[in-house]
Amino acid sequence: MKIIETENLTKKYKRYKKQEGLAGSIKGLFHRKYEEKIAVDDFDIHVNEGEFVGLIGPNGAGKTTLVKMLTGIIAPTSGRIQVMGFYPNKLEKAFKQQYAVVMGQKSQLFFELTTEDTLRLFKEIYGIPEDEYKRNKDFFVDLFQVQELMNVQVRTLSLGERMKMELIVALLHNPKILFLDEPTIGLDAVAGKQIRTFLKDVNESRGTTILLTSHYMEDIKVLCKRSIVVNHGRKIYDGGTDMLFENYQKSKKMTIYFEHSVEPDVSDDCRVLEKANDKLVLEIPKQNAEKVLESYIGHYPIRDIGIEEQEIGSVVERIYKEV
Amino acid sequence: MKKYLEIAKAYMKAQLIWRSDTLVDVILAVAKILFAWILWSILFEGKEQIAGLGFQAMISYYIISSYLFQLEKSAEISRQMTGMLRNGTFSKYMVIPVQTQGYFVAMEAGKIAFSAGIGFLATFLWFYLFRIPFVHTANIKILLCGSIMVVLGLLFMALLNYFLGILTLKFEEISIFLMIKDNLSAFVTGAVIPLALLPEWMTAGMKFLPFYYVTYLPSMLFIGKCEEEAVTGLIVLSVWCMVFLVLNQVTYEHDRIKYDGAGI
């Protein structure tokens, strides 16, 4: 069942184009020139209930504008949009009861109070019955193992701990859709991994539809079966995340440690990234990886070999450029 | 309704966190009474009455009006809304199932409840410990009218400041509106020019504005003066509150749709 649907969704912003200098500012008082910026252009998106979808794109691609329209914060200029059967920008109470937004750099928590206090407040705001509130709270607190942090002033929590609390607050009312904007921004590897595990669990066990916007491709690769790539306001890819990375993964990195110092041959299609007496690091075309590997194994005394996928940032850069 | 009560409670709890601030609030409440006592003792030297009020009535009036004035902190609403709309954090109120107007009024109520409690306690203790005679009306109806007027006055100021905050959806700079509000309020309550110096038709006209009833009239009612204006005051304030409740709802719904700057 489709839970999010847009057709030809477009958002145009009118921007004041100021002329240079003080004279330009004064002139602008009487005669202004505006330019139109198309933030989202003819965008079609269909998300099914229970999906975990990644929304990726460079800065200014239109991701945030799209999420703002889906959550009802801003109105579209034209096109059709429906989320759970509602027109989002009407901001009806019944609509707002059924989704949640978590923004990595903004907070719903009261910094002076404890998370327990904020949860109590959100219980009333969403009209959650006492037994359901207790059940949900215990479930999430247990999942994150944050029992001892519930009565600590939010101000004193670390960034990772705070993000866990933000997620608990957002999920307390069992939203059907969770919009996530950079939930792992600024987090260390351990906290980032915990958040990812938590989100995966929530999506699988509760069937919550999640739309994740992130610049961290690790988040997208680990969590989202489906990815939507946005650039210049247009959808340029919509499909499997594995397929996306597979298609744009052009090369692999091979690190070879030799038994002793050798002078190995390097074929023309390989690029030498590092060369020492007993170590060679090559970037090789993905389709030739097997052949190159065999050629070294057969000809040189090898102590160890490591093959890595291409660095994720380079893949993404290529996706944005080529798609 | 329960959700707004919980919002008010949350903001009240947040105020209680800072013990030093609480202490300063108590000290200020006490200092104000002490200052009034000294000032009016000097001014009343050799006089029975000033502006129709005796020394004790004047002290009572001063303490009540400054207490009410201290409660009125709603200018913070418009400042906060402007800041949040500009830096894109206002959307956090848009995505939760509450009316933003109700949220901000409840927030203000929570903050006021804290100040009111602290101020009342400090004032009561001071009066009691130093046996200061407190002049007040014995008429229960007037006391009730005055109390309702205080609540309506604070509600009106919160609604007015919410309206000024919403104007950020339309205007780049709202400080000019805030300045007009402050000056008008000061003028109508006689803080700029004593009301007695103004022509009668002007003072009569100003009684249709709500500011006169926010701190001035309730203070007078509590000390047993201007009792004949109590009902008029309640009606005028109620009408203004209704007008702003509707105006805020309509303006917000109209302007938020056109506003693209609400961040995420």
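The legends below describe close-up views of a predicted model.

**View 1. Chain A as a whole.** Chain A contains 11 helices and 13 strands. Its radius of gyration is 25 Å, well over the 20 Å that the globule rule gives for 323 residues, so chain A is more spread out than a compact globule. The C-alpha trace of chain A spans about 70 × 60 × 45 Å along its principal axes. Of the 323 residues in chain A, 36% are buried. Among the contacts in chain A with a separation of 6 or more, 71% are between residues 24 or more positions apart.

View 2. Strand β3 of chain A covers residues 52–56, and five of its five residues are buried, so the strand is largely enclosed by the rest of the structure. The side chains are divided between two directions: Phe52(A), Gly54(A) and Ile56(A) point one way from β3(A), while Val53(A) and Leu55(A) point the other way. Residues on both sides of β3(A) are buried.

**View 3. The strands paired with β3 of chain A.** β3(A) runs parallel to strand β7 (residues 209–213) of chain A, and four bridges join the two. In this pairing, Leu55(A) has Thr213(A) of β7(A) as its bridge partner. β3(A) also pairs in the parallel sense with strand β8 (residues 226–231) of chain A, over four bridges. Here Val53(A) has Arg226(A) of β8(A) as its bridge partner.

**View 4. Gly186 of chain A.** Gly186(A) sits in the loop between β6 (177–181) and α7 (189–206) of chain A. Within 10 Å there are 12 other C-beta atoms, and a residue with 12 or fewer counts as exposed, so Gly186(A) is exposed. The C-alpha atom of Gly186(A) is separated by 7.7 Å from that of Leu159(A), although the two residues are 27 residues apart along the chain.

**View 5. The contact between chains A and B.** Chain B gives 20 residues to the contact and chain A gives 27 residues. On the side of chain B that touches chain A, α1 (2–16) and α5 (91–94) of chain B each supply at least two residues. The largest share of that side, seven residues, comes from α1(B). The residues of the side of chain B that touches chain A are 12 nonpolar, two polar and six charged.

**View 6. Two annotated spans of chain B.** An unreviewed UniProt entry places the feature "transmembrane region" at several spans of chain B, including residues 112–130 and 230–248. Residues 112–130 of chain B are 95% helix and 0% strand, with the end C-alpha atoms 27 Å apart. Residues 230–248 of chain B are 100% helix and 0% strand, and their end C-alpha atoms lie 27 Å apart.

Methods. Residues numbered from 1 in each chain as written. Chains lettered and ligands numbered in written order. Predicted model: local features only at pLDDT ≥ 70, side-chain atom pairs only at ≥ 80, totals over all residues. Contact = placed C-beta atoms within 7 Å. Nonpolar A, V, L, I, M, F, W, Y, C, P; charged D, E, K, R; others polar. Buried ≥ 20, exposed ≤ 12 C-beta atoms within 10 Å, placed from the backbone. UniProt positions renumbered as here; feature names shortened; annotations may be inferred. Rg over C-alpha atoms; globule rule 2.2 N^0.38 Å. Pairing = 2+ DSSP bridges.
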